[in-house]
There are 2 protein chains.
Amino acid sequence: MSKYWSKIAAGQRPYVPGEQPKDRKYIKLNTNECPYPPSPLVLEAIKEAANEKLKLYPDPSGEDLRQTVAEYYGLKKEWVFVGNGSDEILAFAFMAFFDPGSTILFPDVTYSFYPVYANLFQLDYRLVPLREEFSLYPPDFYDSEGGVIFPNPNAPTGNYVTMEMIEKILIRNPDKVVIVDEAYIDFGGETAIPLIAKYPNLLVIQTLSKSRSLAGLRVGFALGQDGLMEGLNRIKNSFNSYTLDRLSMAGAIAAIRDESYFQATRQKVMQTRERIVPILRQMGWQVIPSQANFIFISHPVFKAEGVFTELRQQGILVRYFRQPKIDNYLRVSIGSDEEMDSLLQALTEINP
Amino acid sequence: MSKYWSKIAAGQRPYVPGEQPKDRKYIKLNTNECPYPPSPLVLEAIKEAANEKLKLYPDPSGEDLRQTVAEYYGLKKEWVFVGNGSDEILAFAFMAFFDPGSTILFPDVTYSFYPVYANLFQLDYRLVPLREEFSLYPPDFYDSEGGVIFPNPNAPTGNYVTMEMIEKILIRNPDKVVIVDEAYIDFGGETAIPLIAKYPNLLVIQTLSKSRSLAGLRVGFALGQDGLMEGLNRIKNSFNSYTLDRLSMAGAIAAIRDESYFQATRQKVMQTRERIVPILRQMGWQVIPSQANFIFISHPVFKAEGVFTELRQQGILVRYFRQPKIDNYLRVSIGSDEEMDSLLQALTEINP
C-alpha cells in the first residue's frame, strides 16, 4: 500500500494470469495456448514488415486488418474493431457500454477477469449461478439492468451455448449490450457472428491467441454494428491511439488469410480432445463436455489441488482455481498428442 | 450517439492523432517521427523473434526488457515498468495516481491527450497558464491538490525545464505524484531520472517512438520507485495482462542496446534543428527555443492556418492546432536535411 495510489489502484485485486515459470522446461497445459506453431506465412509476413517503416506510427485504426477480418466473416469493415488482445478489447467494452450503478450480469463460474474489470471501472455486477454441470440457463440473463457478458464456450468449463439460446438473451435485453466472448469458439462451437446483422446490441469478441497460435502477438478483434464500434473507438481513442504495432497487424492479416493452416490446426486440437476425453473418463475422471481447447476435469477420489501439485512436480502445468464451486477441478489445455499422452501417463501414476 | 454507450463513452471527446493520409506521398513533418530508420540490429532481433514461440504468451511483466532499461539507466529492474507506448502508460498512470475530486495540474498549452485522460477517468484538472514564450514557472505547480503532469520538453512548444526546476516542484508536492513525460528528452534536454532515487513521488515516462525510430513498434517505459511501479502494475494487471508482444520486446531490447546508433541518430536530428532554426528566423519566423525533435513557429504576417494548408497542398504535412493561444503557430517535426530544405523552399515560395 502506497500513499501515492489512487483509490481505484488501492482497491484493486488484479487478475492473475496462468504462471509462465522459467525454472525448468514444462509441458504447458495451463494457459490454453495452441500446441502448434503459427502459420509459416505469418512468420514470413512479420519478417517482411520488420523494415525501416517501423520508424513511422502504425495506422491507428488498423484499416487493412479490419478489412481482412471483415472479408473473412462477410461483414463490412465498419463493423470490425481491432485491439491489443481480446483482454484489452474487453476492458474497452466494459468502459464503453456499462455504467456504474446499473448491475451487469455474468456467470458465477467464468473468466476471472470480468470481476476485475468491473471493480476497476466501479461497476456493479451480479454473479448468475450456473445450473447443472455448469450449464448456462438463458432466462437467468433476461432483462438485465446494465448488460450481459459471458464467454462462449465458457471458461474454465468449456461448456457451450447454442445460437438460439444467445438469440433469446439478445431479444430480452434490447436496450443493453450483450457481449459474447468467443475466445474459444473455433474449437467446435458455432459463432454468434451471423446474429450481428439482426441485433444492434450484440458484441462478439474473438482473439488470435488460441486457434491462430498467436498468443505471443497480442491481437484480438470485436464485431458489432456501427453504434457499438463507435463506442469502442471513443474509449480506445481516449486511451491509446495506436494499440496495435505494425508487426502484429502484418502477422494477423497473414494468419486470417491462411485458411487451410487454420483449419488443419483446429482440427488437430479437436481430434486430440476427442481422443483423450474417453480415456480420462475410463480412468474415473469426470469431464465436462468441452467445445474449447481445454477440458475441465474432476475426480471423485483424488483432490484436484493435490493432483495439480503432483503434476507440477512431474513437469506438467495445468490450471487450478482456488474458488468456490470449482476448487476440486483442474483446467487442462489440449496440447499435442504426445503432451496429452504424458499427462495421461502422469495421471495413471498418481492414481494407479 | 448510441443508446448503448456508457455515460463515459458518450461524454468523451477523444484525442485526435496527427493525420496519416494515404492519398499521396507526403513529406511527413506532422507526428514527430524520426526521419532515420531503426537500428539494423532491431530489425535483426525482430526477425529472429518471428519464430514458433509466438504461439506462447509473452512474459507478462517484460522482465528482460525491464532489465535492459534498468541497466541502461543504472537503476534496479523493480523501478522499471514497460508498456504499449507511452500513451498507454500515461493512461495507466492517470488511473493509478490521480483521484476524482482532487484537482491535478498541467500546463494550458501541452500534450492534448492529458485533458482526454482526465475526462475519461472523471478527474478534475486545472490548466496552469504558461508564462512568457510558453515557459513553465515552477511555483505555479507547487502544492497541487491531486498531482502534477507535464512533458519535458513540453509539447507542442519544445520548451525545456531544468532539473533544478523539476526538483522544486517535487519538493513542494511531497504527497502527490509528479509525472514528467520525457517523450522528447533525448534531443537535448537533461533527464530527471537521477532524481528518482531521492523522490518517491517522481514518475518519469519515456518512449522508443522518437529517438529510437520505433513509432511503429509501440514501446514505452516508466521509471520510479517501488510504490509507483506497484501502483502501475495494479492497474495494468487489472486491464490487460499482456500489453507487450514478443516482437516488440525483442526489438526494444536491441534498440536500447545499440548505443552508438542511438547517439548518431539523435545527434543528426539535433544538428538539423540547429541548422534550420537560424534560417527560419532570418526568413522572419519566430521560433520557440526547442530541445525536442520539433520546432514551434509563427510568423508576424502570414497566418499559420493558411501556411499549413498551402504546405499540405505542396505535399508537406506539419501540425496545426486550432486552439486558444497557439492558433497562429505550426509545429514542425525535424526531418532529414533534405526534407527540411524542401520545407524551407516551400516556405520561401509562400512568403517570398
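Author: Helices (H or I, at least four residues) and strands (E, at least two) are here DSSP runs, numbered from the N terminus. The model is a predicted one.

Reader: In which loop of chain A is the place of A:Pro153?

Author: The peptide bond that leads from A:Asn152 into A:Pro153 is cis, with omega near -5°. As for its place, A:Pro153 is in the loop of chain A between strand 5 (147-151) and helix 6 (163-171).

Reader: Which peptide bond of chain B is cis, with omega near 5°?

Author: The proline concerned has its place in the loop between strand 5 (147-151) and helix 6 (163-171) of chain B. The cis bond runs from B:Ala155 to B:Pro156.

Reader: Is A:Phe134 buried or exposed, and what is its relative accessible area?

Author: A:Phe134 is in the loop between strand 4 (125-128) and strand 5 of chain A. Its phi is positive, about 60°, although A:Phe134 is not a glycine. Buried means under 20% relative accessible area. A:Phe134 counts as buried because its relative accessible area is 10%.

Reader: What is the relative accessible area of B:Arg218?

Author: B:Arg218 lies between strand 7 (202-207) and strand 8 (220-223) of chain B, in the loop. B:Arg218, not a glycine, has a positive phi of about 65°. This arginine is buried, and its relative accessible area is 2%.

Reader: Why is strand 7 (residues 202-207) of chain A largely enclosed by the rest of the structure, and how many of its residues are buried?

Author: A:Leu202, A:Val204 and A:Gln206 point one way from strand 7 of chain A, and all are buried. A:Leu203, A:Ile205 and A:Thr207 point the other way and are buried too. Strand 7 of chain A is therefore largely enclosed, the number of its buried residues being six of six.

Reader: Which strand of chain A pairs with strand 7 of chain A in the antiparallel sense?

Author: Strand 6 (residues 178-181) of chain A runs parallel to strand 7 of chain A and is joined to it by four bridges; there A:Val178 stands opposite A:Leu202. Over four bridges, the antiparallel partner of strand 7 of chain A is strand 8 (residues 220-223).

Reader: Which residues of chain A lose the most area to chain B?

Author: In the interface, 84 residues of chain A contact 84 residues of chain B. The copies meet through the same surface, because 100% of the interface residues of chain A are also interface residues in chain B. The area buried between the two chains is about 7000 Å², with 58% from carbon and sulfur atoms. Together giving 13% of what the chain A side buries, the residues that lose the most are A:Tyr4, A:Tyr57 and A:Phe239.

Reader: Which residue of chain A forms a salt bridge with B:Lys3?

Author: Two salt bridges are found across the interface of chain A and chain B. In one involving B:Lys3, the closest N and O atoms are 2.8 Å apart, and the partner is A:Asp175.

Definitions and conventions:
Residues are numbered from 1 along each chain as its sequence is written. Chains are lettered from A and ligands numbered from 1 in the order in which they are written. This is a predicted model: local features need pLDDT of at least 70, side-chain atom pairs count only at pLDDT 80 or more; totals for chains, interfaces and linings use all residues. Side-chain values use heavy atoms; hydrogens and water are left out. Buried means under 20% relative accessible area, exposed over 50%, partly exposed in between (1.4 Å probe, protein chains only). Two strands pair if DSSP finds at least two bridges between them. Contact means heavy atoms within 4.5 Å. Buried area is the accessible area (1.4 Å probe) that two parts lose on being put together, summed over both. A salt bridge is a side-chain nitrogen of Lys or Arg within 4 Å of a carboxyl oxygen of Asp or Glu.
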